Amino acid sequence: MDAFGALRQLAQQGRGADIITLISTPVTHREVSGQMLVVSQYSGSVGQIVDEGLTAEVLQYLKLHRWSSPTIIEIEYNGSYKLFWDQLANASRVLVLGAGHISQPLVELLAMVDYQVTVVDDRPDFANAVRFPKASQIICQNFDRFMQEGCFADFSAIIIVTRGHRYDLDCLRVALQQRARYLGMIGSQRRVKSILAMLTEEGVAPEALNQLHAPIGVDIGAQSPAEIAISIVAEMIAVERGGSYLPLSHKRRSKNGD
């Protein structure tokens, strides 16, 4: 696969990459101008800049420097080379455990705000593309098996909305060990309190339990599945963006002393 092919595949998967394009060379090497190198933690490096030696120099430069915006870098390698360094941004990815009636509007809303969503459920009648046309990935698998074998590194958020308490608890035990920026679980106050007590007895640290948003969502008086989905997405965005959870009118009233 060439660099363009690798870049196209990464974009389709919502994964990030460094993109290096050769834009200026010594006179003797002008024929290689335009060469591209794509570097990703998922697929390694694809492509080459002039030869193995200069490519290694570029890779070393990437290791030592942090990208903040598109920039031009210069490297001396038997002459002066200029390279344009840009990045393909990672798409935020969300794992939704459970494919029930709340998950349908939830996945629709998450896709609408540009999240790539993976849905997991063990019921073929629920976990399918007809019910979730906007999902990036649908996995029809037993929850226990998925939580034991699945890779969670790509997910910035994990939402637990399975059909039963036992499944929720099994998923939560594993999810608490991940580094997702948002972890939420559906359930009543009473049910959540019971689960937290159970996990505390099992020795789960308070710091780990504090990262859990449960009952999930912000209080907007939600009743229908679509309304509950809105409350969940609102909370998730507020956590990721550092939102206050307060109505915007509250700021005006506080400022004016109303």
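Phenylalanine 146 is buried at 5% relative accessibility, where buried means under 20% relative accessible area, exposed over 50%, and partly exposed in between, with a 1.4 Å probe and protein chains only. Before I go on, this is a predicted model, so local features need pLDDT of at least 70 and side-chain atom pairs count only at pLDDT 80 or more, while totals for chains, interfaces and linings use all residues. Residues are numbered from 1 along each chain as its sequence is written, and side-chain values use heavy atoms, with hydrogens and water left out.

Aromatic pairs next. A search of the whole structure gives three of them; rings of Phe, Tyr and Trp (its six-membered ring) pair if their centres lie within 6.5 Å, and planes under 30 degrees apart count as stacked, over 60 as edge-to-face and the rest as tilted. One of them joins phenylalanine 143 and tyrosine 167, with ring centres 5.6 Å apart and planes at 50 degrees, so that pair is tilted. Phenylalanine 143 sits in helix α4 (residues 143–149) and tyrosine 167 in helix α5 (residues 165–175), so the pair ties together parts that are 24 residues apart in sequence. Helices here are DSSP runs of H or I with at least four residues, strands are runs of E with at least two, and both are numbered from the N terminus. Phenylalanine 143 is buried, at a relative accessible area of 2%. Phenylalanine 146 pairs with phenylalanine 152: the centres are 5.8 Å apart and the planes stand at 75 degrees, so this pair is edge-to-face. Phenylalanine 152 is buried too, with a relative accessible area of 8%.

Now helix packing. α5 also packs against helix α6 (residues 189–201), at an angle of about 45 degrees and with the axes 12 Å apart. Axes are lines fitted to C-alpha atoms, for helices over the stretch in contact, and angles run from 0 to 180 degrees between N-to-C directions. That makes α5 oblique to α6; angles under 35 degrees count as roughly parallel, over 145 as roughly antiparallel, 65 to 115 as roughly perpendicular and the rest as oblique. On the α5 side the contact (heavy atoms within 4.5 Å) is made by His165, Asp168, Leu169, Leu172 and Arg173, and on the α6 side by Arg191, Ile195, Met198 and Leu199. By class, that contact has five nonpolar, one polar and three charged residues. For the classes, Ala, Val, Leu, Ile, Met, Phe, Trp, Tyr, Cys and Pro count as nonpolar, Asp, Glu, Lys and Arg as charged, and the others, Gly among them, as polar.

The axes of helix α3 (residues 103–112) and helix α8 (residues 225–241) come within 8 Å and cross at roughly 40 degrees. Pro105, Leu106, Leu109 and Leu110 of α3 meet Pro225, Ala226, Ala229, Ile230, Ile232, Val233 and Met236 of α8. What classes do the residues of this contact of α3 with α8 divide into? Eleven are nonpolar, none polar and none charged.

Last, the backbone. Alanine 214 and proline 215 are joined by a cis peptide bond, with omega about 0 degrees. Proline 215 lies in the loop between β11 (212–213) and α8.

Valine 50 is not a glycine, yet its phi is positive, at about 70 degrees. It lies in the loop between β3 (44–47) and α2 (52–64), and valine 50 is buried at 15% relative accessible area. Tyrosine 245 also has a positive phi, near 75 degrees. It is found in the loop between α8 and α9 (248–256), and at 45% relative accessibility tyrosine 245 counts as partly exposed.
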